[in-house]
Amino acid sequence: MKIALLGYGKMGHIIEKIATDRKHEIVLKIDYDNLHDLNADNLAKADVAIEFSTPGTVLSNINHCFAAGVPIVVGTTGWYNQLAEIKEQCEASGNTMIYASNFSVGVNLFFHVNKILAKLMRNYPYYEVQVEEIHHTQKADSPSGTAITLAEGIIENIGSKTEWVNALSADGAETSDEAIAPNQLLIESFRIDSVPGTHTVLYDSEVDTIELKHTAHNRNGFALGAVMAAEWVAGKKGFFEAKDMFNFNI
């Protein structure tokens with residue numbers, strides 16, 4: 001495949017290596033210093049675009065791909081308040097897009113198990129649930145998109161929670177949950193040095209604690225999943241999520 005990389009930071013460099021190792025060709029690399037190269041003619045050289053930029057540039061990049069008719073894989077988070085509008089635009093224009101808060105295979109398995117556990121815990125209301133996430137200090141959004149997906153999976157299945165709230169600690173200190181209402185699901189966010197990403201779902205009671213945890217050792221899993229998404233979406237039309245790539249029917 002011929003791939004355009006929209007966003008060429010740390011993730012973009014890792015995606016480039018994994019894609020070329022899998023015999024794909026990078027035909028366009030867009031970053032802040034060459035935004036003028038993001039046009040229909042250059043995008044037309046690509047079979048698919050992989051987008052890992054910033055919340056401030058992702059919508060423009062998506063629209064450029066829609067205008068050029070190029071399928072796009074979107075891994076940027078922090079823009080989901082406009083997701084419904086983008087989905088409608090994608091489907092109405094006959095374009096192709098797949099997005100995820102996290103494309104890692106391990107994380108998507110984690111998402112699935114999280115939903116199953118939340119459904120089981122409906123019968124045990126004396127457990128209080130919360131989500132914790134730890135990322136590097138350069139991460140722009142809080143909570144992480146992965147944490148939001150976990151929280152939404154819990155809210156969808158547990159019955160006792162109707163919304164999530166976020167508490168951010170930039171120094172690793174514990175945050176207070178005194179203001180959390182019974183219907184609210186707390187997401188605690190910690191920003192610590194160079195941590196690639198750790199997410200934990202905790203069910204706590206007076207007698208014990210259940211933890212469901214995923215720890216990323218590096219960014220390679222995210223990048224590999226994005227390249228796999230680009231391979232999977234080839235020849236398809238419509239709007240997809242990463243979960244559509246996987247068969248979780250067990």
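Which residues does E133 touch, not counting residues up to four places away in sequence? I find S142, P143, S144, A147, I187, E188, S189, F190, R191, T198 and H199; contact here means heavy atoms within 4.5 Å. E133 lies in strand 6 (residues 128–135). Helices (H or I, at least four residues) and strands (E, at least two) are DSSP runs, numbered from the N terminus. I note E133 as buried, since its relative accessible area is 0%. The cut-offs are under 20% relative accessible area for buried, over 50% for exposed, and partly exposed in between (1.4 Å probe, protein chains only).

**Ground rules.** This is a predicted model, so I keep in mind that local features need pLDDT of at least 70 and side-chain atom pairs count only at pLDDT 80 or more, while totals for chains, interfaces and linings use all residues. Residues are numbered from 1 along each chain as its sequence is written, and side-chain values use heavy atoms, with hydrogens and water left out.

**Strand 3 and its partners.** I looked at strand 3 from both sides, and both faces are covered: V48 and I50 are buried on one side, A49 and E51 on the other. Strand 1 pairs with strand 3 in the parallel sense over four bridges, where pairing takes at least two bridges found by DSSP. Opposite I50 in strand 3 stands L5. Strand 4 (residues 72–74) also runs parallel to strand 3, joined to it by three bridges. There, V73 is the bridge partner of I50. I followed the chain from strand 3 through helix 3 (residues 58–68) to strand 4, and this β-α-β crossover is right-handed. That means the path from the first strand over the helix to the second runs clockwise, with the strands pointing away from the viewer.

**N61.** I picked this residue from helix 3. N61 counts as buried because its relative accessibility is 6%. Leaving out residues up to four places away in sequence, N61 touches L6, L38, E51, S53 and I72. N61 and I30 are 31 residues apart in sequence, yet 9.8 Å apart in space, C-alpha to C-alpha.

**Cores.** The largest nonpolar core has 28 residues, and I15, I50, V73, I98 and F103 have the most contacts inside it. A core is a set of buried Ala, Val, Leu, Ile, Met, Phe, Trp, Tyr and Cys residues joined through side-chain atoms within 4.5 Å. Strand 1 (2–6), helix 1 (10–21), strand 3 (48–51) and helix 7 (220–233) each give two or more residues to this core. Helix 7 gives the most, with seven residues. Apart from this core lies another, of 23 residues, including L6, L28, I86 and C90.

**Rings.** I count seven aromatic pairs. Rings of Phe, Tyr and Trp (its six-membered ring) pair if their centres lie within 6.5 Å; planes under 30 degrees apart are stacked, over 60 edge-to-face, the rest tilted. Y124 and Y126 have ring centres 6.4 Å apart and planes at 75°, so I log the pair as edge-to-face. Y126 and Y127 come out tilted, because their centres are 5.2 Å apart and their planes at 35°. Y127 is buried at 13% relative accessibility, whereas Y126 is exposed at 54%. W79, Y80, Y99 and F239 form one aromatic cluster.
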